[in-house]
Amino acid sequence: MAESCHSTSLNEESIMTTSINKRQAHSDEEDPIKKLRSSDAHDEEAKAEITVPKNENELCFEIEADAAEDKGSRHTMEDATVLLPHATLQFPGKLRCAHFAIYDGHGGRLAAEYARKHLHANVLSAGLPRELLDIKAAKKAILEGFKRTDESLLQASTKGGWQDGAAAVCIWVLGSKVFVANIGDAKAILARSSPTDGSSKTSDGSTPIKAIVLTREHKAIYPQERARIQKAGGSVSSNGRLQGRLEVSRAFGDRQFKKVGVIATPDVHSFDLTARDHFIILGCDGLWGVFGPSDAVDFVQKLLKVGLPVSAVSRRLVREAVRERQCKDNCSAVVIAFREK
């Protein structure tokens, strides 16, 4: 991997994009993701093998993923992460399925924990393809899974008397296709090599790495989001917050804001995984408050290049954000590396 990187947009890479418009007591028996590797325990790296076709030949890749978190200067940790390299649950099939996510809670951790436990199962039950890849069916299942999760979360929050919410950034790997879905201000960044035509080598002869932003932030201050909020009868104050309080305009939960424009409908994008794709970084807004996309890709890429395991890389990324760059917010990151075997 190269040490040089720069940022580009999703469209510049011609990735197919479709824009579609604390803790609560839950026992392990209630959690449908019983083998979920959450951010609380990472003694081994999560690994999975996938097959990526290229030039009529099959390249075998291994996915290595791990997560790290730090509560920063906050009193509690309100984020939750998901690492499922084998994400079939009760829906087995021929198609490889892996799932990774960060849920960035605000006002508490209950909504983040609820989404962590239920979103992926809801996406699978909504028809996520398990035998043959169908892009439209996959995106439809993701949309429906988000809808079902938010609806049931709102019922649970009403019954339990809690009102917190959670942004989300989620990745599904189906075969050689990557699906990205997000609500709120958590982000996903892809590290991709430039085409190897010999014209863009760095001084050491390596190929530059681009940082590609895979997600679009949903904040009340943005024109498209503001228009929906105002149409629903809500307002955006001079500080850019909905009703003067909530910065994000899309989130799970936040039941007190649902009637004034907050929705849980994600943007859903997909792209083909190739040998040029090295890793994806998922991060909450705390991480991106002190790291730019290219900066984060460069930091991670240098550590991977010297042979550090992904578990160590994710920890160092979060430590750098909190201890060196003074991130005061909760800080969570998932690093998903693709290695050719």
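Charged residues make up 11 of the positions lining the largest pocket, alongside six polar and four nonpolar ones. The pocket itself, in what is a predicted model, holds about 420 Å³ of space. Its lining runs to 21 residues, and those closest to the centre are His106, Gly107, Arg241, Leu246 and Glu247.

Zooming out, the protein has six helices and 14 strands. Of its 341 residues, 56% count as buried. The exposed surface comes to about 14500 Å², with carbon and sulfur atoms supplying 47% of that area.

Helix H6 covers residues 310–324, so to speak a 15-residue run. From first C-alpha to last, H6 reaches 20 Å, close to the 21 Å expected at 1.5 Å a residue. Just after H6 comes glutamine 326, whose phi is positive, at about 65°.

Then there is histidine 278, which sits in strand E13 (residues 277–283). Histidine 278 counts as buried because its relative accessible area is 13%, and the cut-off for that label is under 20%. Its side chain makes a polar contact with the side chain of serine 193, at 2.3 Å.

Terms used:
Residues numbered from 1 in each chain as written. Predicted model: local features only at pLDDT ≥ 70, side-chain atom pairs only at ≥ 80, totals over all residues. Heavy atoms only, no water. Helix = DSSP H or I, 4+ residues; strand = E, 2+ residues; numbered from the N terminus. Buried < 20%, exposed > 50% of the residue type's maximum accessible area, 1.4 Å probe, protein only. Polar contact = N/O pair within 3.5 Å; in protein donor to acceptor, adjacent residues only side chain to side chain. Areas by Shrake-Rupley, 256 points an atom, 1.4 Å probe, with all protein chains shown as cover. Expected span 1.5 Å × (residues − 1). 1 Å grid on protein atoms, 1.4 Å probe; cavity = no way out; pocket = protein on both sides within 12 Å on 5 of 7 lines; lining within 4 Å. Points joined across faces, edges and corners; volume = space filled by probe spheres on them. Nonpolar A, V, L, I, M, F, W, Y, C, P; charged D, E, K, R; others polar.
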